[in-house]
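This report describes a predicted model, and its headings go from the chain as a whole to its parts.

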Amino acid sequence: MAPVSSTLSAARIGGATIENALPGAGDRDHGATGGRGVTGDCGATGDRGATGSRERRVWDVLESVPDPEIPVLSVVDLGIVRHVRWLADLEGQPKLHVGITPTYSGCPATEVIRHSISTALDQEGYVGATVEEVLSPPWTSDWLTEAGRRKLEGFGIAPPAQSVANPRHLFRSPVVACPRCSSRATERVSEFGSTPCKAHYRCTSCLEPFDYFKCL
Amino acid sequence: MSAVTESTLDPVREALFRYVLRLGDTSLVLGQRLAEWVGHSPALEEDLGLANLSLDLVGQARLLLTYAGEVEGKGRDEDALAFFRDAPAFVNLTLAEQPNGDFGRTIVRQFLLDAWQLEVYEGLLGSSDTRLASVAAKAIKETRYHFRFSSGWLVRLGDGTEESHRRVQEALNELWRFTTELFAADDVEGALVAAGVAPDLAALQPRWLARVDEVLKEATLVRPAAVAYQWHGKRGVHTEHLGHMLAEMQHLQRTYPGAQW
């Protein structure tokens, strides 16, 4: 049952690069360390205005790509799309680069997401786009969009309860409201749930179990 | 060790290769050990928890081994390093390869190494090597959850029943001797501390000890006496357990080299 017995690279993100560069044109300004509050918005529309129409059309395509584990969220809602850029290739032709960042180092969904994005871009005529990994700054649950948080709750998953800008928060158990009855009388069953990004909770008012999207 | 010592890299680059390899191997070996629990844990929630920790650790190992391969510059990728080296070429901490034992023993091993990784990753956040700093920034967020999990369980078991207390105290007594290696620096760390790449292990030790002591106290456990440095996993000298573990982990790739999922 050892997951490591196949190949480590099975889940590799193609053309993997680690970028330390600051966000450039076409990026969403997420801030380097997730300093914004949880009620902030990653810019579902706001930052869009600052990018060119060519980039905006790509962002629209990406908003149709679901997360494989939580299909109610798009990869844009999840805050894992870091940049959309056209860069000249060796022949000087513009080539589309889409940067994504994994939520957790070992998240198996990352490879599926890369394929889904490539497929969606191909279908929309962006053939041969490069989907590249961006490791820095690391993904944080603060990057979930406001729309994404609402979708999670509607789906029965409690959204992250607090900003992680202060890492000390991770050592305190947040008050998590039940996504079904909104009661705050809930308790954690397990720190680790069905996917790396979720914990398992139960509501002591309506007695229903539910998933909680962890702060990271 | 041959693959490591035959390198023709310049001294700092050689040290960097070995340092990153040590970090990567420690995560990989610990992740593989935790994966052995899948389907065997005391409760479903703990099965998921240990599997989640394993997944994070293997993910961190992939980032580190990929980088180690690039630093080495001989075309070895993460898979080549994970599956096509024999035990003497692995340079993980000896503690990481120790067998799971019962759930309590696994928790003690995890707790000691989680606390160590927290200190090391925190120290690497300001590394002059931006790649290592990036990996550390990613990994430390996950490691905080690991530490909360393992320290929480250590308190529950240590301050639990007579039986659970006895078992984790015995595991602590057995595993403590391997912790000296966690802070035993050699010329690899020496070169990298001087270059601003790696944190000074001697400076991390008191912080680690304070972190460990705080939890041990709450868990009503007694910290064993310090022992001399006599385990050398990070120099490729291992206990008998690593070879057996690698035999299982590497079996598929050794039988069908290059097989893809």
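Which pattern does chain A follow when read along the sequence? Chain A follows α-β-β-α-β-α-β-β-β-β, and its secondary structure comes to three helices and seven strands, where helices (H or I, at least four residues) and strands (E, at least two) are DSSP runs numbered from the N terminus.

## Basis of the values

This is a predicted model, in which local features need pLDDT of at least 70 and side-chain atom pairs count only at pLDDT 80 or more, while totals for chains, interfaces and linings use all residues. Residues are numbered from 1 along each chain as its sequence is written, chains are lettered from A and ligands numbered from 1 in the order in which they are written, and side-chain values use heavy atoms, with hydrogens and water left out.

## Chain A overall

Of the 216 residues in chain A, 52% are buried, meaning under 20% relative accessible area with a 1.4 Å probe and protein chains only. Among contacts (heavy atoms within 4.5 Å) in chain A with a separation of 6 or more, 58% join residues 24 or more positions apart.

An open sheet of mixed pairing is formed by three strands of chain A in the order E1-E2-E3; two strands pair if DSSP finds at least two bridges between them. Strands E1 (81–88) and E3 (130–133) of chain A each have a single partner strand, so one side of each lacks a neighbour in the sheet. Strand E2 (residues 94–100) of chain A pairs with E3(A) in the parallel sense over four bridges, and A:His97 stands opposite A:Thr130 in E3(A).

Helix H2 (residues 109–123) of chain A lies across E2 and E3 of chain A and runs at about 150° to E2(A), the angle being taken from 0 to 180 degrees between N-to-C directions of axes fitted to C-alpha atoms, for helices over the stretch in contact. The buried residues of H2(A) include A:Ile113, A:Arg114 and A:Ile117, and their cover includes helix H1 (53–62), E2 and E3 of chain A. Just after H2(A), A:Gly125 has a positive phi of about 95°.

## Helix H3 of chain B

Helix H3 (residues 44–72) of chain B reaches 41 Å from its first C-alpha to its last, close to the 42 Å expected for its 29 residues, the expected span being 1.5 Å times one less than the number of residues. Because 22 of the 29 residues of H3(B) are buried, this helix is largely enclosed by the rest of the structure. B:Gly73, which follows H3(B), has a positive phi near 75°.

Key:
Buried < 20%, exposed > 50% of the residue type's maximum accessible area, 1.4 Å probe, protein only.
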